[in-house]
Amino acid sequence: MDRSETFGDGKIALRIDGDIATVVIDNPPVNAGSHDVRRGLLDAFAAIAGMDGIAGVVLAGANGTFVAGSDLKEFGAPLGEPQLPAVIAAIEATAVPVVAALDGAALGGGFELSLGCDGRVAAPGTVIGLPEVGLGIVPGAGGTQRMPRLAGVPASLGLICGARRIAAEEALRLGLIDAVAADDLRMAARDLLRRLDGKRRVRDLAVSAADPVELEAAKAAALKAGRNRPAAIEAARLVELSATVPFDEALAEERRVFQEIRSSPEAVALRHVFFAERAAGRVDGLSAAPRRIERAAVIGAGTMGAGIAYALLRAGFEVVLIEQTEAALAAGRERVEGLVSGDAAKGRIGEGEAAAMRSRLSPVADLAAVATVDLVVEAVFEDMAVKSALLAGLGQIAAPQAILASNTSYLDLDALAAASGRPDRVVGLHFFSPAHVMKLLEVVRGAKTSDETLATGLWLGRKLKKTAIVAGVGEGFVGNRLYAAYRGQAEMLVEDGALPWQVDAALEAFGMAMGPFAVSDLSGLDIAFARRKRLAATRDPAERYVKIPDMLCEAGRLGRKTGAGWYRYDGRKRQPDPEVERLILAEAEAAGRERRAISDEECRDRCLAALVNEAALVLDETIAQRPGDVDVAFVNGYGFPRWRGGPLWWAAHDGRDAVLAALPQVEAAVGQGFRRGDVEGMLEGISG
Ligand code: NAD
């Protein structure tokens, strides 16, 4: 009996070859579990139940992937029937064994589906996991109950609460799958079917007793990894239930929590960030194909250049590293080597991979070497004269089609593009420090940047596994411009009566990874100081200017690297410093500021309101494409709490009243030169 038919609006194919039925999920691009998929699966398994002569079922995915997760678009409303637990129950009720053939990704609801099967095989490198907690929810189709039956409670706590995605090889070691297929995946699934002696439902397995010490350690680590967000706490509780409560009872409790937590503010905000990240790199009307890049040059092998070179090497590019002098080149080469060997020592990359990276790196102290590359990224000193002279040279030497990218943080990209004599081939690639770690990349589109050049910048971002947003030209582009407004407000607060540690604590309590003063100390106060000096000539003397950070720099307090900045440091630990307090009080008096007691709420709300106001201006000037890009930038580049959805999502939902109430205070604090954006209109557009 050989036949085939489809179900679920064509998204599920059922084929019978001899005594084996194969069910294939085909919902491009990633086979997300949608309503059609669930209905089709249920119908396909019902059809199989009505057939004679079937000995086993293989459940697989088309498009090179099993199921990358559930379709999150459905999560904002009541889920349509059938829901995933019913599909899994039908698989478990199928009289013959069912084996899942996993490739690409088996994540979330996809992996839960496979846990409803009697066995699992995976292609090498398949990504497996239950990352729901990262989206503010818990697995809702038995993941918290079935996973511990295979991997034990401690390991499951780590995987589920830490939202970890693991490779098939680790899943095999943990007992989550039965085999990694050496070659033909579906053949391996059939082999496993033949080896299984009848049904072997995961739900029927006992949860093995955990060592109490190991269990406590796993719980503590799991809750820390989840930063105590409600989803991590609930997930941990559910995983533990697997060992103490009958399966069906615990399953019902899991579903109850899933349904409830799905519409929590955190989950809604996290889904917003998920979709905003997917939209971020898209540019309306951009259809140009990217240029092919194989060989890149990085010019300037300082802090940023070394990180960028390493990121490029890791993504498989050949990299020419260029410095002006042999001495600077040797230091730069050391920096890159330090990153390679550091990651190798930590086991993040294999020794073979490290060796391959070293062989792809060519350090040279001669700009002429750019003649052979497809892409140049410059990361030399932040100085207009230095950078424009360099761009002019590159315009002469680089291959005519080569793309020239600048990592400038603040300088006018259009002026640099003009200096190169080929402005259509110039784009900004603004990396964040450390460049090989931080996810955010601002791809800066100059006035004359061609579509092909822009498309290549975005393509490169994807190759480097960055989250890219497109920014227009303007002082500080999107991220740094908004951050400057936020930090500026923090500095005014300190002159007005707060202290740096109070402001930092207020913003850290809100969820920022670090307060603005701790951040300044980490990145070095001299960077902003240099910028202020550059802008001094064009600054309106009537504008408010807080001198305290300049005074710290003049006192040699440049931040952590000098052991003191806004704080003083004992090793890595920051301490409030009475000397800084004295300096603040003296300067506030000299500036004629009447200091007053300032509440923590005012500290927080003024900083965030200043940020939100600047975002309204940036959007109005079309420097940023969309509000979601601002959220993506702050979550990925500035330590804004992801679970709050980014600053604009937060402001449009939770923070609206606080922001609108603080705006007049911000305006009064800034005084001369303050520009009020259409904050109300922007927030209306986001929440409406
Ligand atoms: P850095 O001082 O650490 O490194 C600059 C390097 O460029 C030095 O090694 C120097 O020898 C080299 N250099 C200078 N002129 C050169 C030339 N003409 N040819 C070849 N090499 C030359 O500076 P950095 O912090 O790495 O910053 C570099 C760029 O990256 C700047 O534009 C900066 O604004 C930008 N940026 C910095 C950060 C950050 O946090 N440090 C973040 C984003 C962007």
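1. Helices (H or I, at least four residues) and strands (E, at least two) are taken here as DSSP runs, numbered from the N terminus. Residues are numbered from 1 along each chain as its sequence is written. The model is predicted: local features need pLDDT of at least 70 and side-chain atom pairs count only at pLDDT 80 or more, while totals for chains, interfaces and linings use all residues, and side-chain values use heavy atoms, with hydrogens and water left out.

2. Domains. The chain is divided into domain 1 (3-198 + 206-263), domain 2 (295-471) and domain 3 (479-687); such bounds come from an automatic or database domain assignment. Taken over C-alpha atoms, the centres of domain 1 and domain 3 are separated by 45 Å.

3. Ligand shell. The ligand is surrounded by 20 residues, the closest being Met304, Glu323, Glu382, Lys387 and Ser409; a residue counts as near if one of its heavy atoms lies within 4 Å of the molecule. α12 (303-314), α15 (384-397) and β16 (426-431) each supply at least two residues of this shell. By class, the shell has eight nonpolar, nine polar and three charged residues. In this scheme Ala, Val, Leu, Ile, Met, Phe, Trp, Tyr, Cys and Pro count as nonpolar, Asp, Glu, Lys and Arg as charged, and the others, Gly among them, as polar.

4. Which side chains have an N or O atom 2.8 Å from an oxygen atom of the ligand? Asn407 is one of them, and Ser409 is another. For the side chain of Glu382, the distance from an N or O atom to a ligand oxygen atom is 2.5 Å. Taken alone, the ligand exposes 830 Å², and the protein buries 80% of that; the areas come from the Shrake-Rupley method with a 1.4 Å probe.

5. Second largest pocket. A pocket is an open set of points on a 1 Å grid over the protein atoms alone, where a 1.4 Å probe fits, with protein on both sides within 12 Å along at least five of seven lines; lining residues have an atom within 4 Å of a point. The second largest pocket has 33 lining residues, and Ala484, Ala485, Arg531, Leu535 and Glu543 lie nearest its centre. The lining draws at least two residues from each of α18 (479-496), α21 (525-535), α24 (600-620) and α27 (656-670), and α18 gives the most, with nine. The lining comprises 13 nonpolar, eight polar and twelve charged residues.

6. Backbone. The peptide bond from Glu81 to Pro82 is cis, with omega near 0°, and Pro82 is found in the loop between β4 (56-61) and α2 (84-93). Asn63 is placed in the loop between β4 and α2; its phi is near 60°, a positive value in a residue other than glycine. A cis peptide bond also joins Ser433 and Pro434, with omega about -5°. Pro434 is found in the loop between β16 and β17 (440-445).

How values were computed: Polar contact = N/O pair within 3.5 Å; in protein donor to acceptor, adjacent residues only side chain to side chain.
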